Amino acid sequence: GSMEPAFYRGDLLMLNNYQEEPIRVGEIVVFKIKGREIPIVHRVLRVHEDNNGTVKFLTKGDNNSVDDRGLYADGQFWLEKKDVIGRAKGFVPYVGNVTIAMNDYPKLKYFMLGLLGFFVLENREN
């Protein structure tokens with residue numbers, strides 16, 4: 001993944017998004033790009049404040065050689081706070097692998113749901 005070795009695919013991130021806290025260089029943010037479904041987790045590379053006080057920032061994956069301007073929407077060169085879903089405050093390794101496996105192998109998802117349903121029916125109180 002683009003954030004290795006800080007995070008790996010399948011790690012579960014703990015997020016917060018306190019709007020009053022300023023975005024800082026080095027902070028890891030989760031952001032959404034207009035026209036893309038999947039959020040991106042990358043580190044803030046540069047922060048820029050306009051003359052009118054608007055704060056914009058540039059991101060980059062730790063394992064990428066270039067910044068994220070190629071990922072942003074057409075004509076977009078900076079992110080703004082409105083693009084941020086959350087800020088990484090911690091993580092739990094490997095926990096997300098269950099979700100990844102169920103999305104990659106739909107039959108596994110149906111098997112797990114069926115197994116769960118079986119146990120619910122089997123252990124019902126009369």
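Reader: Leaving aside its neighbours within four places in sequence, which residues is Ile23 in contact with?

Author: This is a predicted model: local features need pLDDT of at least 70, side-chain atom pairs count only at pLDDT 80 or more, and totals for chains, interfaces and linings use all residues. Residues are numbered from 1 along each chain as its sequence is written, and side-chain values use heavy atoms, without hydrogens and water. Contact means heavy atoms within 4.5 Å. With neighbours within four places in sequence set aside, the partners of Ile23 are Val29, Val44, Val47, Phe57, Lys81, Val84 and Arg87.

Reader: How far apart in space are Val84 and Ile23, C-alpha to C-alpha?

Author: Val84 lies in strand β6. Its contacts beyond four places in sequence include Ile23, Val29 and Phe57. Val84 and Ile23 are 61 residues apart in sequence, yet their C-alpha to C-alpha distance is 9.8 Å.

Reader: Is Val84 buried or exposed?

Author: Buried means under 20% relative accessible area, exposed over 50%, and partly exposed in between (1.4 Å probe, protein chains only). Val84 has 8% relative accessibility, so it counts as buried.

Reader: What pattern does the chain follow along the sequence, and what is its radius of gyration?

Author: The chain has two helices and six strands, in the order β-β-β-β-β-β-α-α. The radius of gyration is taken over C-alpha atoms, and the globule rule is 2.2 Å times the number of residues to the power 0.38. That rule gives 14 Å for 126 residues; the chain is well over this and therefore more spread out than a compact globule, with a radius of gyration of 19 Å.

Reader: What does the C-alpha trace of the chain span along its principal axes?

Author: Of the 126 residues, 25% count as buried. Along its principal axes the C-alpha trace spans about 70 × 30 × 25 Å.

Reader: Which residues are the closest to the centre of the largest pocket?

Author: On a 1 Å grid over the protein atoms alone, a pocket is an open set of points with protein on both sides within 12 Å along at least five of seven lines; lining residues have an atom within 4 Å of a point. The largest pocket holds about 580 Å³ of space. Of its 17 lining residues, the closest to the centre are Arg9, Asp11, Leu13, Pro39 and Val41.

Reader: Which strands each supply at least two residues of the lining of the largest pocket?

Author: The lining has ten nonpolar, four polar and three charged residues. At least two residues each come from β1 and β3 (40-49).

Reader: What is the phi of Tyr94, which is not a glycine?

Author: Tyr94 is found in the loop between β6 (84-92) and α1 (97-104). Tyr94 is exposed, with a relative accessible area of 63%. Its phi is positive, about 70°.

Reader: What is the omega of the peptide bond from Glu4 to Pro5?

Author: Pro5 is found in the segment before β1 (12-16). The bond from Glu4 to Pro5 is cis, with omega near 10°.

Definitions and conventions
Helices (H or I, at least four residues) and strands (E, at least two) are DSSP runs, numbered from the N terminus. On a 1 Å grid over the protein atoms alone, a cavity is a set of points where a 1.4 Å probe fits but cannot get out, and a pocket is an open set with protein on both sides within 12 Å along at least five of seven lines; lining residues have an atom within 4 Å of a point. Grid points are joined across faces, edges and corners, and a volume is the space filled by probe spheres set on the points. Ala, Val, Leu, Ile, Met, Phe, Trp, Tyr, Cys and Pro count as nonpolar, Asp, Glu, Lys and Arg as charged, and the others, Gly among them, as polar.
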